[in-house]
There are 2 protein chains.
Amino acid sequence: MHVTLVHVTVKPDQVADFITASLANHRASIQESGNRRFDILQFPDEPTRFILYEAYASAEDAAAHKATAHYKTWREGVADMMATPREGIQWICHAP
Amino acid sequence: MHVTLVHVTVKPDQVADFITASLANHRASIQESGNRRFDILQFPDEPTRFILYEAYASAEDAAAHKATAHYKTWREGVADMMATPREGIQWICHAP
């Protein structure tokens, strides 16, 4: 799998709206044929911190995600919610 | 889902053995009825760093994993490979 952990820290008053926007992205993203995971995680000790755990069958599938309308809607919708720039880190996936 | 990110840093000469041991744990763990993810990730910039991304349907399923023979075999097998103590961090999972 092609795995990216997207680390996000949102402004404190934007937590609920970020979750709502990301749930919409989740629902559409898991319909993509190459999608394998789109998990929305929140850090209990610091509720403004999130990880979007995104996995695709291939790098091409991951790139195709960024061309979708739902990704662009999410990206534009959450831009002003960020407390710091978000960071996507790609990891080597040994399994599955 | 009940999601735990297990952060591991192994000794440089133990990277290959850690991957082998974790692949065995992966193969057995994904057979557990409550398992949803058991992804083995390696950080490209620091190949001694790993995340085991483990998700179970419930906290009870996650606890049951720690009672399995394959978990105990992994835990004992990798103990001396660690460069620093491993850290499991549970995150709130909003989706799926």
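Analyst: Helices (H or I, at least four residues) and strands (E, at least two) are DSSP runs, numbered from the N terminus. Residues are numbered from 1 along each chain as its sequence is written, and chains are lettered from A and ligands numbered from 1 in the order in which they are written. This is a predicted model, in which local features need pLDDT of at least 70 and side-chain atom pairs count only at pLDDT 80 or more, while totals for chains, interfaces and linings use all residues.

User: Which residues of H1(A) are buried?

Analyst: A residue is buried if 20 or more other C-beta atoms lie within 10 Å of its own, exposed if 12 or fewer, and partly exposed in between, with C-beta atoms placed from the backbone. In H1(A), the buried residues are Phe18(A), Ser22(A), Asn25(A), His26(A) and Ser29(A). Viewed down the axis of H1(A), these buried residues fall within an arc of 105 degrees, so they line one face of the helix; the arc is that of the directions from the helix axis to the C-beta atoms. Ala16(A) and Thr20(A), on the other side of H1(A), are exposed.

User: What should the 15 residues of H1(A) span?

Analyst: The expected span of a helix is 1.5 Å times one less than its number of residues. For H1(A), residues 15-29, this gives 21 Å, and the end C-alpha atoms are 21 Å apart, which agrees.

User: How does one read the relation between chain A and chain B?

Analyst: Two copies of a chain are related by a rotation about an axis and a shift along it. Here, a rotation of 180 degrees with 0.0 Å of shift along its axis superposes chain A on chain B, with an RMSD of 0.0 Å. The two copies are thus related as by a two-fold rotation axis. The same surface serves both copies, as 100% of the contact residues of chain A recur in chain B. Superposition is by least squares on the C-alpha atoms of residues with pLDDT of at least 70 in both copies, and two residues are in contact if their C-beta atoms, placed from the backbone, lie within 7 Å.

User: Which strands pair between the chains?

Analyst: Two strands pair if DSSP finds at least two bridges between them. Strand E2 (residues 35-42) of chain A pairs with strand E4 (residues 87-95) of chain B in the antiparallel sense over three bridges, and Gln42(A) has Ile92(B) as its bridge partner. E4(A) and E2(B) likewise pair in the antiparallel sense over three bridges, with Ala95(A) opposite Ile40(B).

User: How many bridges join strands inside chain B?

Analyst: Strand E1 (residues 2-9) of chain B runs antiparallel to E4(B), and five bridges join them; Val6(B) stands opposite Gly88(B). E2(B) and E3(B) pair in the antiparallel sense over seven bridges, and Phe38(B) stands opposite Glu54(B). A hairpin through six residues joins E2(B) to E3(B). Six of the eight residues of E2(B) are buried, so this strand is largely enclosed by the rest of the structure.

User: How many residues has the largest nonpolar core?

Analyst: A nonpolar core is a set of buried Ala, Val, Leu, Ile, Met, Phe, Trp, Tyr and Cys residues joined through C-beta atoms within 7 Å. The largest one has 28 residues, and those with the most contacts inside it are Leu41, Phe50 and Tyr53 of chain A and Leu41, Phe50 and Tyr53 of chain B. E1, E2 and E3 of chain A and E1, E2 and E3 of chain B each supply at least two residues of this core. Leaving aside its neighbours within four places in sequence, Tyr53(A) is in contact with Leu5(A), Arg37(A), Asp39(A), Leu41(A) and Tyr53(B).

User: Is Glu54(A) buried or exposed?

Analyst: Glu54(A), in strand E3 of chain A, is buried, with 24 other C-beta atoms within 10 Å. Beyond its neighbours within four places in sequence, Glu54(A) is in contact with Thr4(A), Val6(A), Arg37(A) and Phe38(A). The C-alpha atoms of Glu54(A) and His2(A), 52 residues apart along the chain, are separated by 8.2 Å.

User: Where is a cis peptide bond found?

Analyst: Most peptide bonds are trans. A cis peptide bond joins Ala95(A) and Pro96(A), with omega about 0 degrees, and Pro96(A) is found in the segment after strand E4 of chain A. In chain B, the peptide bond from Ala95(B) to Pro96(B) is cis, with omega near 0 degrees.
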